[in-house]
Number of protein chains: 2
Amino acid sequence: MPLNKEIQPGDNDELTRERLQATFDTQQMAAALWGSDLARKRRELAKKVDKLTVLHDSKDMSFMTREEKLSENARKVVQMFAHVADIVEDPSDDAEMFHLSSNAIGHEGHPFGVHFVMFIPALKAQADDEQREKWLMPALGLQLIGTYAQTELGHGTNLRALETMATFDKATDEFVIHTPTVTALKWWPGSLGKSSNHAVVSANLIIDGKSYGHHNFMVQIRDENTHKPLKGITVGDIGPKMAYNASDNGFLGFDHHRIPRRNMLMRHAKVDKNGVYTKPPHAKIGYSAMVHVRSVMIGHQGMFLGSASTIAIRYSLVRRQGEIKEGSGEVKILDYQTQQHRLFPQLARAYVFMFAGKEVRELYQKVLSDMEKGETTLLADLHALTSGLKSVVTHLCVAGMEQCRMACGGHGYSRASGIPEIWGVAVGGCTYEGENMVMLLQLARYLMKAVKETKKGKSLGRLVDYLLLPQDRHSLIGRVPQGEYGPHLAAFEHIARRQIFKVADELTKLQDKGMSKEIAWQKKAVELQRAARLHTRFYLAACFHRKVQSVVDGRIREALADLYHLHLNYELLDMVNYALEDAYLKADQVDFIREDMYRLLETIRPNAISLVDAFEFSDRELRSVLGRRDGHVYENLYKWAKESELNRADVLPYFDKYLKPMMLAARQRSNI
Amino acid sequence: MPLNKEIQPGDNDELTRERLQATFDTQQMAAALWGSDLARKRRELAKKVDKLTVLHDSKDMSFMTREEKLSENARKVVQMFAHVADIVEDPSDDAEMFHLSSNAIGHEGHPFGVHFVMFIPALKAQADDEQREKWLMPALGLQLIGTYAQTELGHGTNLRALETMATFDKATDEFVIHTPTVTALKWWPGSLGKSSNHAVVSANLIIDGKSYGHHNFMVQIRDENTHKPLKGITVGDIGPKMAYNASDNGFLGFDHHRIPRRNMLMRHAKVDKNGVYTKPPHAKIGYSAMVHVRSVMIGHQGMFLGSASTIAIRYSLVRRQGEIKEGSGEVKILDYQTQQHRLFPQLARAYVFMFAGKEVRELYQKVLSDMEKGETTLLADLHALTSGLKSVVTHLCVAGMEQCRMACGGHGYSRASGIPEIWGVAVGGCTYEGENMVMLLQLARYLMKAVKETKKGKSLGRLVDYLLLPQDRHSLIGRVPQGEYGPHLAAFEHIARRQIFKVADELTKLQDKGMSKEIAWQKKAVELQRAARLHTRFYLAACFHRKVQSVVDGRIREALADLYHLHLNYELLDMVNYALEDAYLKADQVDFIREDMYRLLETIRPNAISLVDAFEFSDRELRSVLGRRDGHVYENLYKWAKESELNRADVLPYFDKYLKPMMLAARQRSNI
């Protein structure tokens, strides 16, 4: 039995030969990536979906209009929930459900896109017991479809600027929800435009002319039976986007729309019938939900990059182009150093992002259980960490996916490659759930605080402990890397520490010169972001290290270590100027790093396909002609193309309408 | 009269106030960018298109299916040619025609997309006089529509591997065109799928069983009147792509399809009726056409980045978000250093890419006139230069456009921003007309040859002269930059030279150890690409310098110099490790560069809108709600959204079909 478990009879021979070179068991590697339990569930789930034809795409979504996409995914998602008990072991397990959804639905969205991810969590967190009874149970049973409406046309990150108002009317015991301007329109919520009949709406609470800031309100927006928008409500789709076009992201406006007082979600803050307002017990109550979404995002982004890597690496073993030595025949494009250098570092990133996602979700669980014991110190740490990770990981993911796509040459540009769509989905992550630039500055704020503590000899927490450690003045990286690449990891630490202290000093100097704290912060904003990025990249490298250390199986560990060492070299080169500036690294050491990186590209090459096979993405999930497991690319590209909507007829009406009259007239003119 | 000529009554006040800060005349800057003649023509042309409603988009293309897009652009392009004499001064002027097309048609393609750009040039270059008479005149008059079919499903850059065959049949005096395998299908040619009735087809010429390599053949593929594919011909659309979806890129297969012998284009190579083959006089005869397309691309990419910069900078002056000082009100997002750092370097790149495009096109004209005198030495130089520029410029453009898009926050993700579409068009440029990685290696080959010459004390040509110059060991960059930033430009030169010589030495060493030339090249491929990139970036910086030097008007020159200096600082930081490795730059000098860059961001800020206004892109051309000249963004976003195809009805059929039955059943279950 070959170690690579993806081999099947009838596959493209090229891929089979590649797979036979595996030095490790791909299912064991899958267990390292996903956890052994989830890895098993994923395999079983994919098999079940394979058999349930009602869950299959009726055609490639690339050939559909938006309305067809919405309809198709509404069909599939309804079927998916009808069959959910037969397919997954635990429908409340987010990870399992995510994989089911990515097999059956894909990543372009569906009518319940926000229902389970934000609407229900908001009810769980913010509805009081009576409200839970009223809305949470029906929501869980899919008697209604809900969304979460916060951002507005003119307002995003800065929640204090939201314009939508909820004014309490004591006389009727109601809130009057109102959108005073066009910029106050709710804008962007998923599934809002055409699918949802309920929304949790963020609005500025006003009682007796006094503003109490934004609070959440349950608003029914469409009639339960006719689905028509209720009176006083304007709702619709915001139009096509880069991707996610099976989601009806929507706009929502209110014309003095009245809801009962008890539609304000009152688990924490409250308004009684006399208009007396009760503050929530903690100011940061919504905090942990945000942290949760971001921690989940990190793993998902890793999967997106893993998908793109799978597609590009498989295709690079099918595609032959050019000769290395004239007359020796065309070679597989993955045999070029340039192609390896383009792809393997992305593969390594996909691995570490998935590991980091897992580590962060575990940390989140710990924070949650700590919080139940009243212990909240780790929350700020986790918030800072996820802010940085969200920003760095999304940025590197989309840049990496583009490299994967371009590595597929012309065919990467076709929707048949599958990368354009997942790239479009992933790139949204740079903006939603906290714009990346803002996120970096949030982490930077935490780091500057940590420096202050450090100067008092204290540490804010585990994540910034290293700021207290004694520093080597010069790197110990040598021509022959030491087994565990300790000096490489130390260089990440040094680089992060140096930039953090440097910008902290610069901030102090500006303030010493009389500049206000806010203006000094502005003047150093870009340098602060650099500090946040370098800190995060150190965290990622260290996380990879921890993972490799934790693996027991020697063959898995060795294959992972190759990726880890490549990651260290590649990322270090990407930030090497910081280590050169203070002569921590010398020029010959940088050359050692380069040489070792090129060596590792060659080492990884024979295992490349097995390293991507270990993700165990099903063909159904990848939705890529180029990335098919069986490697039968070209005949299927042709088959795919023939399904293009433009091939419905040999001659399309625009020929007779425009081109024929033009050519006829031209021929007549030339005959005169 | 304000210096910024884009101010109009009724504009968003915010933008008018910004425009009143201009320190230079925007029309004069436009003349510096486009040349004064073209700048004037562009303005006049845009006004004429404004009045000709038949040339206007009937709705935003984002709301259309592919078939609607093709039909819409077929309609407009036929009208455009019907009116061309009234709109442009010289229809044979590519630049003027490009601007007409970008106003009327946009960048998504149309049925003559390849006809004028490749089909006609191929006929001009390769058809003999009799053939010109037969096909060129009808093509120019639009009696037929042609495309150029070269790449195949399984074959791209390496033309020697093309599989399509043209076998000479002496008995009938015909060629038999045949596609022996699925990988031999012609794949990708624009306008091939549904629009063209003729194609210039590259095929491997075979006479008496002997292969003579790829040659071009004129093949009629569809009936002139019915437009049905001719017998023996399979043709269709290859399906949707990332962008360019108003273009019917196609596939084309031949089943022993016969064409007359005289359909081989015979200006250079010939086959007579006895099957006697005559070689073309020069081997590199197709060379200059490739160089031409690449040199045109550089300017176009600059325009794409300029468009994205215009959109992002205008929107960043309309959008307010967050407070720098608490309680002082939300600020324009362009007031953040992070936003300036994101956008202004892209703006500077757009400028220099447009300048480089112009310089290279002029060089191309010189090469052409030299060639007429039999002088071809500059051709290799120009080929190397355009290879590097094509690769570096397309890469930096698309990365920069993504920064522009993300700088628009959530709304940048909407198709309303306009950036997704032009980004999708621009990113294709990384792959077509020579894949970027291959292009860099072509330049590297030239550079390695140049090093050999240099060691003999000679120079290959003007572009690599600097390799011969004496070198400073340390940079002279100081805390206060000298007027012309000479030491900065010298650093680019130093960095390029160092890497070029370094990799040349490494290649020699490997070969001295007994490695073959080809394998050594493989082992150093990534380092060779780095050398090619650094050489090109030095060229770009030097080009910017030449441009600033050439400007006479003091105010224009000052504003341009700010952008140039920003470019120097920003790009230098991006490659600074190369200058740190050999201690050419010291840490404090790097800090000087950083400080000066942050200073320049503030200097440029008040002129930002005028610097983008100077491109004079019309609203019709930009097709962006965010980038509207008048700054009325929000109300028009709402207006745009209401036109979404999903808003055709309040309730779409998928509700009644899938969602309603699901919710009803759930409610019934809960009542039991």
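Which residues in α3(B) are buried? I get B:Leu38, B:Ala39, B:Lys41, B:Arg42, B:Leu45, B:Ala46 and B:Val49, where buried means under 20% relative accessible area, exposed over 50%, and partly exposed in between, with a 1.4 Å probe and protein chains only.

Ground rules before I go on. This is a predicted model, so I note that local features need pLDDT of at least 70 and side-chain atom pairs count only at pLDDT 80 or more, while totals for chains, interfaces and linings use all residues. Residues are numbered from 1 along each chain as its sequence is written, chains are lettered from A and ligands numbered from 1 in the order in which they are written, and side-chain values use heavy atoms, leaving out hydrogens and water.

**Helix α3 of chain B**

Seen down the axis of α3(B), the buried residues fall within an arc of 160°, so they line one face of the helix; the arc is that of the directions from the helix axis to the C-beta atoms. I remind myself that an α-helix has 3.6 residues a turn, so residues three or four places apart point the same way. On the other side of α3(B) I find B:Ser36, B:Lys47 and B:Lys51 exposed.

What do the buried residues of α3(B) pack against? I list α2 (26–34), α4 (66–87), α5 (94–104) and α21 (619–622) of chain B, with contact meaning heavy atoms within 4.5 Å. Helices here are DSSP runs (H or I, at least four residues), as are strands (E, at least two), numbered from the N terminus.

α3(B) covers residues 36–51, and its 16 residues at 1.5 Å each should span 22 Å; the end C-alpha atoms are 23 Å apart, which agrees. The expected span is 1.5 Å times one less than the number of residues.

**Helix α14 of chain A**

I ran the check again on α14(A), residues 486–512. Its 27 residues should span 39 Å, and its end C-alpha atoms are 39 Å apart, which agrees. This helix is mostly covered, with 20 of its 27 residues buried. Just after α14(A), A:Gly514 takes a positive phi of about 100°.

**Positive phi elsewhere in chain A**

Most residues other than glycine have a negative phi, and I noted two exceptions. A:Ala583 has a positive phi of about 55° although it is not a glycine. A:Ala583 is in the loop between α18 (576–581) and α19 (587–604) of chain A, and at 34% relative accessibility it counts as partly exposed. A:Glu616 also has a positive phi, near 55°, and is in the loop between α20 (608–613) and α21 (619–622) of chain A. Is A:Glu616 buried or exposed? At 10% relative accessibility, A:Glu616 counts as buried.

**Single residues in chain B**

B:Thr26 is in helix α2 of chain B and counts as buried at 0% relative accessibility. What does B:Thr26 touch, not counting residues up to four places away in sequence? I get B:Leu3, B:Asn4, B:Lys5, B:Glu6, B:Ser610, B:Asp613, B:Ala614 and B:Glu616.

B:Leu585 is in the loop between α18 (576–581) and α19 (587–604) of chain B. B:Leu585 is buried, with a relative accessible area of 2%. Leaving out residues up to four places away in sequence, B:Leu585 touches B:Ser475, B:Ile477, B:Val576, B:Ala579, B:Leu580 and B:Ile593.

B:Val651 sits in the loop between α22 (633–642) and α23 (653–671) of chain B.

**Cavities**

I count 8 cavities of 30 Å³ or more. A cavity here is a set of points, on a 1 Å grid over the protein atoms alone, where a 1.4 Å probe fits but cannot get out; lining residues have an atom within 4 Å of a point. The second largest cavity holds about 100 Å³ of space, a volume being the space filled by probe spheres set on the points, which are joined across faces, edges and corners.

Which elements give two or more residues to the lining of the second largest cavity? They are α12 (419–428) of chain A and α12 (419–428) of chain B. α12(A) gives the most, with 4 residues. The lining includes A:Met242, A:Arg415, A:Trp423, B:Met242, B:Arg415 and B:Trp423. By class I note 7 nonpolar, 2 polar and 3 charged residues, where Ala, Val, Leu, Ile, Met, Phe, Trp, Tyr, Cys and Pro count as nonpolar, Asp, Glu, Lys and Arg as charged, and the others, Gly among them, as polar.

Technical notes: 1 Å grid on protein atoms, 1.4 Å probe; cavity = no way out; pocket = protein on both sides within 12 Å on 5 of 7 lines; lining within 4 Å.
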